[in-house]
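Hi,

Here is the structure I promised to pass on. Have a look at it first, and my notes follow below.

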Amino acid sequence: MLKGGIVGFGFIASSGHFPAYAARKDVEIVAFADVCPARLAKARALAPRARFYSTYQEMLAREDGLDFVDVATPPAFHRDVALAALRGGAHVLCEKPLTTTAAEALELVEAARQNRRVVFPAHNYKHAPVVKFAGETIRAGRIGTVRAVTLNTFRTTHAKGVPEWRTDWRRDRKTSGGGIAMDHGSHSFYLTFAWMGSFPTHVAAKTLTLDRQFDTEDNLNCVLTFPNGYAHCFLTWTAGVRKVIYSLQGTDGALVIDDDDWELTTGARTTKPRLDAGVIESHWRDASHKQWFDSLFDKFKAAMAAGDFAGSELREAVACIQIIETCYRSNAEGCRELALPLDVREL
């Protein structure tokens, strides 16, 4: 039985992570930390046998034998909580983005190795059933070699926080580190790594802020250049619909995903291409994504068991934050294409 502590009991922890933990037989959440008394009261109602703290420092000082800490705070606090947990001897599962700067992310890589503890990002989109189907399609060679992908993420607003604590924290740069690029960019970027089979070398980006009452962007448009092709990512908090539309274009076919619906073209180079279509229920409209958490936690558990302290998932998280930083720099420099300086394969 693994013993875990949760730091930050907002929406994603209370509606996504904790229900998944509670349904498992191999893990128990024994401690919670949150700066908001009302959120600790929510946690106490769900897990009355656990222990509760107003700061993560107090939790880590008083809890002996935590196997892991689940960091579910806003991004500005990820680095400090994760470092303290690692130094206290706990593995770390951290919500995305891993940190708000690449320099902070590299600190966590070094700390993971020094303390021999796993840092694992909550990159949950790769665990959506229809996304798993996309990976299976590529590995089976059904569309040939993937040369281009497009990822469109439409939202009607930013994800709202809990009513008891700063509902619009995602639009406050000091807390969030940025807007939709920082909050949601990781999901698009790590999927491109998997589908293109490599990491990008360059990025060009444009950000926009349509809702000007906030100091963070609500739209991102960027192109990632890979050694073998490109990816186009568009993310918006100002759409008229909540939806994801992905396309994977290969040398011998294509796969298009529209939420749960998929359409697969194979044999594009033959005289009679084949078109198949179907539906894979993936619960995209449930923002908690609790249905995907078991698959993610199984990977985290395997990494802990194997001692994979700074593995491929952590390298992907570093790559994501480097892309986000470079997107902001590209936008500031007239949307020009910029090289990604860090080769994460060497971490």
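Predicted model: local features only at pLDDT ≥ 70, side-chain atom pairs only at ≥ 80, totals over all residues.

A search of the whole structure turns up 27 salt bridges. One of them pairs Asp294 with Arg24, at 2.9 Å between the closest N and O atoms. Asp294 sits in helix H9 (residues 293–306) and Arg24 in the loop between helix H1 (11–23) and E2, so this pair ties together parts 270 residues apart in sequence. Arg24 is buried at 12% relative accessibility, whereas Asp294 is partly exposed at 37%. Both belong to a network of salt bridges that links Arg24, Asp26, Asp294, Asp298 and Lys301.

Another pair to look at is Asp183 and Lys96, with their closest N and O atoms 3.3 Å apart. Asp183 is in helix H8 (residues 180–196) and Lys96 in the loop between E5 and helix H5 (102–115), so the bridge connects parts 87 residues apart in sequence. Both residues are buried.

Now the sheet: 6 strands make an open, parallel sheet in the order E3-E2-E1-E4-E5-E6. E3 (51–53) and E6 (119–121) are at the edges with a single partner strand each, so one side of each has no neighbour in the sheet. The twist averages 25 degrees from one strand to the next. E5 (residues 91–94) is joined to E6 by 3 bridges, and Val92 stands opposite Val119 in E6.

Cheers

Methods:
Residues numbered from 1 in each chain as written. Heavy atoms only, no water. Pairing = 2+ DSSP bridges. Helix = DSSP H or I, 4+ residues; strand = E, 2+ residues; numbered from the N terminus. Axes fitted to C-alpha atoms, helices over the stretch in contact; angles between N-to-C directions. Salt bridge = Lys/Arg side-chain N within 4 Å of Asp/Glu carboxyl O. Buried < 20%, exposed > 50% of the residue type's maximum accessible area, 1.4 Å probe, protein only.
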